[in-house]
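Trainee: Could you take me through the salt bridges here, pair by pair? I would like to know which parts they join and how their partners are placed.

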Amino acid sequence: MGGVGSADGVGAVSGGRVGSGAGDGGGVPAGGGRVRERFVTGADGVRLCVAEFGVVDDAPGAEDRAGDAGTAQAFRPTVMLLHGYPDSKEVWSEVAGLLAGRFHVVLYDVRGHGRSGAPEPLRGGFTLEKLTADFLAVAEAVSPDRPVHLVGHDWGSVQGWEFATVAATDGRLASFTSISGPSLDHFGHWIRRRTRHPTPRGAAHVLGQGLKSWYVYALHTPLLPELVWRGPLGRRWPKLLARSEKLPADGYPTASLPEDAAHGAWLYRDNVRRRLGSPRTDAYARVPVQLIVPTDDAFLSERLYDDLDRWVPDLTRRVLPAKHWVPRSRPEQLARWIGDFVTGTPEDAESVSHPITPRRVSFDWGRTPLHWIPDEPTATHVINVLHLLLPAGERWFVKVFKEALPLVSDEALLKDVKGFMGQEATHSVQHAYVLDHLAQQHLDTSSYTRQVEWMFDALLGGTPPWGLPVQDRAWLRFRLSLIAAIEHFTAVLGDWILDADALDRIGADEVMLDLLRWHGAEEVEHRAVAFDMYQHAGGKGAARYLRRAEGMAVAGPMLFYLWVSGARYMMRHDPGATEEKYRFRDHRAAARRGLLPSWASLAAATPRYLRRSYHPSQEGSLRKAVEYLAISPAAQAATAKPTGSAAAS
């Protein structure tokens, strides 16, 4: 099986790209640091292409010249990033660049992929046992004295589960981060448990994953996958991937894709049926594991990981609103979570000390047209519903939080709550100005907003409606739970609008986009405050969780009703609309073009909130929000104004 191999063929690059020679598998951007590429001999003599970020020059006398920096480099943890199917190591280029300043980062092409050699014959050359031997060879070459922290995506994660659960890797692995790739052994037991003791729910889970795994059956057919990948699919895959995953057109995948995909079919053929049919019973994790689950993964169900606590004694779970290829679509979030897990710092540590400060923004609506998304009345008015709901809704947030302030005994939370109140009060005012602008364009919203005001002021006011026998403290806790649930959705929407590049491409009004993105960025910025407030003042134990679930049970349907009825109202009263009805099919069409969030993506946010381990720091990217606030025209103009505290007193 080849055990630990040897290193040979060392090369180095400073700047530019690694492995950029003609006919190779592309290259990893070197950024501003030094990157070395070399080959390591793995199992059966297969040569594996390895790239290392942030290496110390190994020329004579280089360590003396490096001085303290070289010494510090030697003690940085090694983070190894392992790609999946049909990728090569370049899928990790963005994440590697973000981690390289803190860690010794290693990427390698799995056998048969990128610039690594392929086994001969292919059949039997991709077993998990041989992949384990490859990993040990690379780990010995790049970090002979210290264990490595492994991060795997897709089949890199499937391999990683093998590495994390076998005795052969003891002492070579420090931790494992799994992304979009289950253990085949755990998967096999998951299927057995649900088929041997069937329930309607379990059967639905197995059937749902079976449908998502359609491609696995196709890859087991002889010759057909190779022909398709080396033919039309290989040529079209980059565009299909960019469109379906909304990935940037940055030169990935690399030119080796057709051969990578053809060879990689043997990952499935050599392992899937064998392990699912006879899963190991000792597949317990021997290192701490971080599980990152993209909630919109087209290939893997979240339910696959329901039994994972049985197999992993030290498990950290994360959920990420994203599709399958998160190393390309969400590199900043991944890099932050990987770094935090490796170093042991708190999740999203940057948010701990991030101040929540109101920004006294203003907007000039003089040139904003009624249909501020050109030729898209449905998309325009679905988003315009925000202006109908937020003036009254966010005033109500502030009123409820005022009532709850005496319950806050934590000084840091109190400071955040007051900042939250100030931001929400400003949001209310700015969205009310948009209603004035709509009225000037002959779209009167007053009859709808009166109903919204009645709902918040009378139905959800300071006392229970209709004389309901609810104690004051219980009524306050219910309303806090409702706000926490609503803020969960506003954080999801805030993260969406920050990424909605399609609105820029279609020529949406810049002032309206700035309002929405400033607001969305502040929603992400204070995403945890309402939840932390509820957790602090909402009681304890099971009763607190049940009330949290109750808040979501009310908030979800309420927001759906208000949004649909609001969109219908706007379409019906729009003086310039040629189509007077809001239709779900029009919404879906706009969502497919990236102009609206889909109802499905918003519905998927609900089960995340209901997880007992949920915390809002798992939603969105604080760094992305702060970066936008630093360039927002309105937010930057507001920096010259005195802000003060906006918590009404």
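**Salt bridges, pair by pair**

Arg-36 and Glu-52 form a salt bridge, with their closest N and O atoms 3.2 Å apart; the term stands for a side-chain nitrogen of Lys or Arg within 4 Å of a carboxyl oxygen of Asp or Glu. Arg-36 belongs to strand β2 (residues 34-41) and Glu-52 to strand β3 (residues 47-53), so this contact ties together parts 16 residues apart in sequence. Helices (H or I, at least four residues) and strands (E, at least two) are DSSP runs, numbered from the N terminus. Arg-36 and Glu-52 are both buried, meaning under 20% relative accessible area, with exposed over 50% and partly exposed in between (1.4 Å probe, protein chains only).

A word on the basis: this is a predicted model, where local features need pLDDT of at least 70 and side-chain atom pairs count only at pLDDT 80 or more, while totals for chains, interfaces and linings use all residues. Residues are numbered from 1 along each chain as its sequence is written, and side-chain values use heavy atoms, leaving out hydrogens and water.

Next, Arg-194 meets Asp-307 in a salt bridge at 2.9 Å, N to O. This pair links distant parts of the chain, 113 residues apart: Arg-194 sits in helix α5 (residues 184-196), Asp-307 in the loop between β8 (289-294) and β9 (315-320). Both residues are buried.

Arg-479 pairs with Glu-403 in a salt bridge, N and O being 2.8 Å apart at their closest. Here helix α16 (residues 472-499) holds Arg-479 and helix α13 (residues 377-404) holds Glu-403, so parts 76 residues apart in sequence are tied together. Arg-479 is buried, at 1% relative accessible area, whereas Glu-403 is partly exposed at 37%.
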